[in-house]
Amino acid sequence: MTAEWLTIALPKGRIFEEAVELLRKAGYQIPPDFDESRKLIIEVEEEGIRFILAKPMDVPTYVEHGVADIGIAGKDVMLEEERDVYELLDLHISECYLAVAGLPNAVLNDVAPKVATKYPNVASSYFRAKGEQVEIIKLNGSIELAPLIGLADRIVDIVSTGRTLVENGLVEYEKIVSITSRLIVNPVSYRLKDRMVHDMVHRLSEVVGEK
Ligand code: PRP
């Protein structure tokens, strides 16, 4: 038995596969069936590591509360959640960006155009900084639907390949910020489990950017 476990929160969904690939490249012995499992807590005893599989937006919450020592989270989630965690490493995976998009040639006559998004804090700050008054409508997914059915004038959402916009006849108006995934750590774990945390940062930083 390992005396001290390191608990790592991984985001289910898009980032997951790339994150696991990176961990394997860094030499972590992750079981082959890890990717298909439905389990939410997976222990890799040889490494002294316990993975918890969380919704991407919740990863910083687990890390802030210290139930996970480390997490992998998109910069989009970090900007939206503003949690009290340390960001240790840009993993350069799941590259994408946040953008304002909408129907082409849509004229914004409203005093406060409606903006649908999964990122209400990021969107509010962005438009506030531009001095534009908008009404934010929070959605949890399929954001591109909003302008198509008249729920919103604009969306603020992730663009990766751009296919979702194109296939739904939407255009990008402004790029807000580039996004990659980050390695984050709980401030207490950073001190108390410094050897394990630094070992992980070191091993990952050696393989970051390799293709
Ligand atoms: C994300 C994002 C866009 C899409 C962009 O949604 O919100 O909808 O991916 O990717 P693309 O530029 O490669 O088309 P996701 O599939 O993660 O699901 P969601 O709609 O539930 O947020």
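Hi everyone! Let me start with a term: a strand here is a DSSP run of at least two residues marked E, and strands are numbered from the N terminus. A residue belongs to the surroundings of a molecule if one of its heavy atoms lies within 4 Å of that molecule. Keep in mind as we go that this is a predicted model.

With that in hand, let's look at the ligand. Which strand gives the most to the shell around the ligand? It is S9, with three residues. You can find S9 at 154-159, and helix H6, at 163-167, also supplies at least two residues of that shell.

Now, who is in the shell? There are 13 residues around the ligand, and Lys118, Asp157, Thr161, Gly162 and Thr164 come nearest.

Next, some polar contacts, each between an oxygen atom of the ligand and an N or O atom in a side chain. For Thr164, the distance is 2.4 Å. For Glu144, the distance is 2.7 Å, and for Arg14 it is 2.9 Å. Taken as a whole, the protein covers 76% of the 490 Å² of accessible area that the ligand has on its own. And where does the ligand sit? The space that the ligand takes is the largest pocket.

Let's finish away from the ligand, with salt bridges. How many salt bridges does the structure hold? There are 12. One of them joins the side chains of Glu47 and Arg203, at 4.0 Å from N to O. This pair links distant parts of the chain, 156 residues apart. Glu47 is in the loop between strand S2 (41-44) and strand S3 (49-54), while Arg203 is in helix H8, residues 194-207.

That's my tour, so please go and find these residues on the screen.

Methods: Residues numbered from 1 in each chain as written. Predicted model: local features only at pLDDT ≥ 70, side-chain atom pairs only at ≥ 80, totals over all residues. Heavy atoms only, no water. Polar contact = N/O pair within 3.5 Å; in protein donor to acceptor, adjacent residues only side chain to side chain. Areas by Shrake-Rupley, 256 points an atom, 1.4 Å probe, with all protein chains shown as cover. 1 Å grid on protein atoms, 1.4 Å probe; cavity = no way out; pocket = protein on both sides within 12 Å on 5 of 7 lines; lining within 4 Å. Sits in = over half its atoms within 2 Å of the grid points. Helix = DSSP H or I, 4+ residues; strand = E, 2+ residues; numbered from the N terminus.
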